[in-house]
Amino acid sequence: MTITDDTLMKTLRQVVAENPAHVYEGPEYSERDDDCLYVHRDEAGAIEGPGCVMGHVLHRLGIPLEDLAQYEGLAIACVVGRLTSGISQGTEEILRRVQTLQDEGSSWAEAYELAAGRSATLEPPSGD
């Protein structure tokens, strides 16, 4: 699936702006409770929905949760590289920083602002 930097960043801003104060926590019953999960499952293992910020973004861009779940444990740049094409290294670096900051306990808005250098709730500069 080809996704442009602009589309990916616009979708990231939308997800963050919809829930800026959200601080990611994995499911209590997950065997991987110290990791960010792209996809959350219920106790029986059935897919419930997207988990972390990038799980939400990629799913909103049309990547099925079943496909995304196959990449649990891989870095976001690797996941984006395998599931999409058309993403620059600069955008991959922003995604990596957002994901890392989220995993370290930052809210989605804080993670985005620190990684991208601006608020997700403001209009992006031209060319973004």
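**Exercise 1.** Find which residues have the most contacts inside the largest nonpolar core.

Solution. The largest nonpolar core holds 37 residues, and Leu 12 and Met 54 have the most contacts inside it. Such a core is a set of buried Ala, Val, Leu, Ile, Met, Phe, Trp, Tyr and Cys residues joined through side-chain atoms within 4.5 Å. Next, list the elements that give two or more residues: α1 (5-18), α2 (53-60), α3 (65-69), α4 (76-83), α5 and α6 (108-116). Of these, α6 gives the largest share, 6 residues. Helices (H or I, at least four residues) and strands (E, at least two) are DSSP runs, numbered from the N terminus.

The model is predicted: local features need pLDDT of at least 70, side-chain atom pairs pLDDT 80 or more, while totals for chains, interfaces and linings use all residues. Residues are numbered from 1 along each chain as its sequence is written, and side-chain values use heavy atoms, without hydrogens and water.

**Exercise 2.** Describe how β1 and β2 are joined.

Solution. Strands β1 (residues 39-41) and β2 (residues 47-50) run antiparallel, joined by 3 bridges; pairing requires at least two DSSP bridges. Arg 41 stands opposite Ile 47 in β2. The two strands form a hairpin with 5 residues between them, and Gly 45 in the turn has a positive phi of about 95 degrees.

Terms used:
Buried < 20%, exposed > 50% of the residue type's maximum accessible area, 1.4 Å probe, protein only.
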